[in-house]
Amino acid sequence: MYTKNKNMQKFLLAALLLPALQIAKVQAQAPAGQPAAVPSALKEGKIIYEKKVNLHRRLTDESMKTMVPEFNTSKSELDFSADESIYNNIKEDEDIRDKAGQENNGNFVMRFGGGADDQTYKNYTTERTTQQKELGPKKYLIEDSLKKQNWKLEEGTKMIKGYTCKMATTKGRDGGGIIAWYAEDIQSSTGPEIFGGLPGLILELNLNDAEIVFTTLDIVTKDFDKKIVAAPTNGKKITRKEFDKMMEDQFGVKPGGGTTIRIIRN
């Protein structure tokens, strides 16, 4: 029985390690007969995203699909100032994801995504990033160089939350298509999770034909405190290679920068 459960854990993790991110088409509209208001250029503020992940996309075993919901939706925030940003999850009052997939005998639950306290800090001046990663009861800090993404700037624009956005495309690690919509009037090169490097902030992101979708819910500028945009310091410093090895030892797969399912035994 132990071997069967162990194999099931590895199968779920391997199938649901999704690359990262995607985009929903939300279009801001002006009242009938009136032109849309043009917002002023932003240099600092907070973006609230909704992240929607299709958890069934890579599952081929129908019995596995009965153990997890088809979609997982969560919220996150991106705080930015000048050439810095910090991205983190928004904690829900009650995280229903912890109850998903619970067996009748209650011997395990599944938890989706990374740790609740995971953070990603990016600095485009120094071209460095610091990630705070949660693994079990411990937190770790991973310092690294910013990975440059080979974006192709495309034709076409659309409005998102009152900002004119342009399209850019690239490929993920597994070759899947990535589409980003970025606002040049938001003067930051950042975006959700590891993504950025465009001449404007990414407001929508679509990975692998909506396997993962990030949509902007709100843009907050009032009473913004830019002091919160700083690298995390809570955790033990380790290399990315060391962290990946711990993930492989504990869950049986190497992390791919995307969404995972963790099985937690009671």
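## Salt bridges in close-up

**View A. Lys237 is exposed, with a relative accessible area of 58%.** The model shown here, as in every view, is predicted. Lys237 has Glu143 as its salt-bridge partner, with an N to O distance of 3.5 Å. Glu143 sits in strand β7 (residues 138-145) and Lys237 in strand β13 (residues 236-238), so the contact ties together parts 94 residues apart in sequence. Glu143 counts as partly exposed, at 43% relative accessibility.

**View B. Lys158 and Glu204 form a salt bridge between their side chains.** The N to O distance is 3.1 Å. Lys158 belongs to strand β8 (residues 152-160) and Glu204 to strand β11; the pair links distant parts of the chain, 46 residues apart. Lys158 is buried, at 12% relative accessibility, because the cut-off for buried is under 20%. Glu204 is buried too, at 0%.

**View C. Glu211 and Arg58 join two loops through a salt bridge.** Their N to O distance is 2.8 Å. Glu211 lies in the loop between β11 (201-207) and β12 (212-220), and Arg58 in the loop between β1 (44-54) and α2 (62-65), so parts 153 residues apart in sequence are tied together. Glu211 is buried, with a relative accessible area of 0%. Arg58 is partly exposed, at 30%.

**View D. Lys46, Glu77 and Asp79 make up a salt-bridge network.** The three residues are linked by salt bridges. Across the whole structure, a search finds 15 salt bridges.

Methods. Residues numbered from 1 in each chain as written. Predicted model: local features only at pLDDT ≥ 70, side-chain atom pairs only at ≥ 80, totals over all residues. Heavy atoms only, no water. Salt bridge = Lys/Arg side-chain N within 4 Å of Asp/Glu carboxyl O. Helix = DSSP H or I, 4+ residues; strand = E, 2+ residues; numbered from the N terminus. Buried < 20%, exposed > 50% of the residue type's maximum accessible area, 1.4 Å probe, protein only.
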